[in-house]
Amino acid sequence: MSMHDVNRPICIIGLGLIGGSLLRDLEYRDQEVFGYNRSTSAARSAIKQGYDVSDDLDTVLRRAEERGALIVVAVPMHAVGEILDRIVELAPSCGITDVVSVKTHVLDMIRERGLESRYVGGHPMAGTSESGWENSRRDLFHRAAWAITFDYAQELDARGERVPQSWIDVFTDVTKMAKLTSAEVVPVRVEAHDGAVARVSHLPHVFAEVLAVVGDNGGILAQSLSAGSFKDSTRVASTDPDLVRQMLEPNAPALVDALDEALALLQETREKLASAHPDVSELTDAGFRARTRLEARSGARKESVSPVKISSRPVIRLHVGAPRWVAQLRQAESLGGRIDVF
């Protein structure tokens with residue numbers, strides 16, 4: 001076993017786009033992994049493809065308990081509470097992580113059940129407008145940011161208490177699991193996570209829906225003339241509406257803050273366009289600068305002579321459990337940096 005191996009089997013509950021892609025990546029990396037999917041047809045399809053999958057939740061959770069597995073909750077938000085209740089009953093000693101896009105509600109449910117000491121939240125910033133096992137694929141998370149929460153460790157550290165080794169082990173294995181998919185692990189606390197994704201993930205969904213409606217209201221001619229910019233901007237509007245609701249509604253407070261900021265910019269732009277001398281240079285210049293910073297942050301431009309996209313997220317090499325290691329997590333969070341654990 002190498003220093004990069006996860007030190008326990010991994011059990012994935014929910015094999016849609018994210019959970020299914022994670023299963024494929026881990027199996028490819030020879031990591032012991034098995035999973036559950038509610039859909040019998042999808043489970044059978046996965047089995048035919050050679051994956052260790054069942055549509056019997058209780059049996060899978062009992063197996064996870066027997067094997068001391070790390071459980072990954074990869075179901076929609078509305079089903080998380082039910083899954084946690086089954087984990088409490090059938091897998092009471094397993095470490096837990098998740099891949100849900102809003103962390104506050106999940107952490108609240110974790111706390112209600114007294115599971116904080118064995119939970120490390122996660123959220124891979126990757127996906128498509130499609131869903132389901134049939135759309136899952138390998139390498140979905142390649143070079144994507146994978147947010148991993150550390151609120152429990154922060155709370156203990158703030159009180160001068162030692163973080164238990166059992167939680168450290170879960171944190172380490174969640175980090176290593178994400179690294180096995182070639183993702184880049186970014187530590188972040190729950191509140192900061194939800195505020196950030198409201199701006200860069202959830203608000204774009206709102207805009208995509210609005211743009212799709214406005215374009216459609218233009219009738220057949222507008223649709224016939226739509227080109228790449230419109231189609232790119234509305235791509236995520238083709239996501240299952242129920243899945244979108246389960247992203248946006250639980251993060252309403254943070255999303256409202258981001259939406260208010262966007263509405264203020266839109267109103268200002270409207271006023272300038274309605275003036276005697278329309279001028280949107282301030283918005284276009286600011287938008288161009290912001291996009292340039294984003295491209296620089298994300299790696300090399302497409303026109304770079306280097307074919308390799310190098311991540312510009314700073315790396316902090318973290319010795320988990322060493323003195324001031326929680327402070328290092330806070331530092332990485334403040335920099336939007338990634339971590340390697342040892």
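A residue counts as exposed when its relative accessible area is over 50%, as buried when it is under 20%, and as partly exposed in between. The views below show a predicted model.

View 1. R86 and E89 are joined by a salt bridge whose closest N and O atoms are 2.6 Å apart. Both residues belong to helix α4, where a spacing of 3 residues separates them by about one helical turn. E89, with a relative accessible area of 53%, is exposed because that value is over 50%. R86, by contrast, is partly exposed, with a relative accessible area of 22%.

View 2. A salt bridge connects the side chains of R199 and E261, with an N to O distance of 2.8 Å. The pair links distant parts of the chain, since R199 lies in helix α8 (residues 190-217) and E261 in helix α12 (residues 252-273), 62 residues apart. R199 is partly exposed at a relative accessible area of 45%, and E261 is likewise partly exposed at 41% relative accessibility. Elsewhere, salt bridges with shared partners bring D58, R86 and E89 together in one network.

**View 3. The R138–D139 salt bridge.** In this pair the closest N and O atoms are 3.6 Å apart, and R138 and D139 form a salt bridge. R138 has a relative accessible area of 32% and is partly exposed. D139 is also partly exposed, its relative accessible area being 37%. The structure as a whole holds 21 salt bridges.

View 4. The domain assignment divides the protein into domain 1 (10-188 + 312-341) and domain 2 (194-298). The C-alpha centres of domain 1 and domain 2 are 30 Å apart. At the interface, 19 residues of domain 1 are in contact with 17 residues of domain 2. The area buried between domain 1 and domain 2 is about 1,300 Å², and carbon and sulfur atoms give 48% of it.

**View 5. Polar contacts and the domain 1 side of the interface.** Between domain 1 and domain 2 there are 0 salt bridges, whereas 5 residue pairs are in polar contact across the interface. On the side of domain 1 that touches domain 2, the elements giving two or more residues are α4 (77-90) and α5 (103-112). Helix α5 gives the most to this side, with 3 residues. The residues on this side of domain 1 comprise 6 nonpolar, 11 polar and 2 charged.

Note on methods:
Residues are numbered from 1 along each chain as its sequence is written. This is a predicted model: local features need pLDDT of at least 70, side-chain atom pairs count only at pLDDT 80 or more; totals for chains, interfaces and linings use all residues. Side-chain values use heavy atoms; hydrogens and water are left out. Domain bounds come from an automatic or database domain assignment. Contact means heavy atoms within 4.5 Å. Buried area is the accessible area (1.4 Å probe) that two parts lose on being put together, summed over both. A salt bridge is a side-chain nitrogen of Lys or Arg within 4 Å of a carboxyl oxygen of Asp or Glu. A polar contact is a pair of N or O atoms within 3.5 Å; within protein, one must be able to donate a hydrogen and the other to accept it, and residues adjacent in sequence count only if both atoms are side-chain atoms. Helices (H or I, at least four residues) and strands (E, at least two) are DSSP runs, numbered from the N terminus. Ala, Val, Leu, Ile, Met, Phe, Trp, Tyr, Cys and Pro count as nonpolar, Asp, Glu, Lys and Arg as charged, and the others, Gly among them, as polar. Buried means under 20% relative accessible area, exposed over 50%, partly exposed in between (1.4 Å probe, protein chains only).
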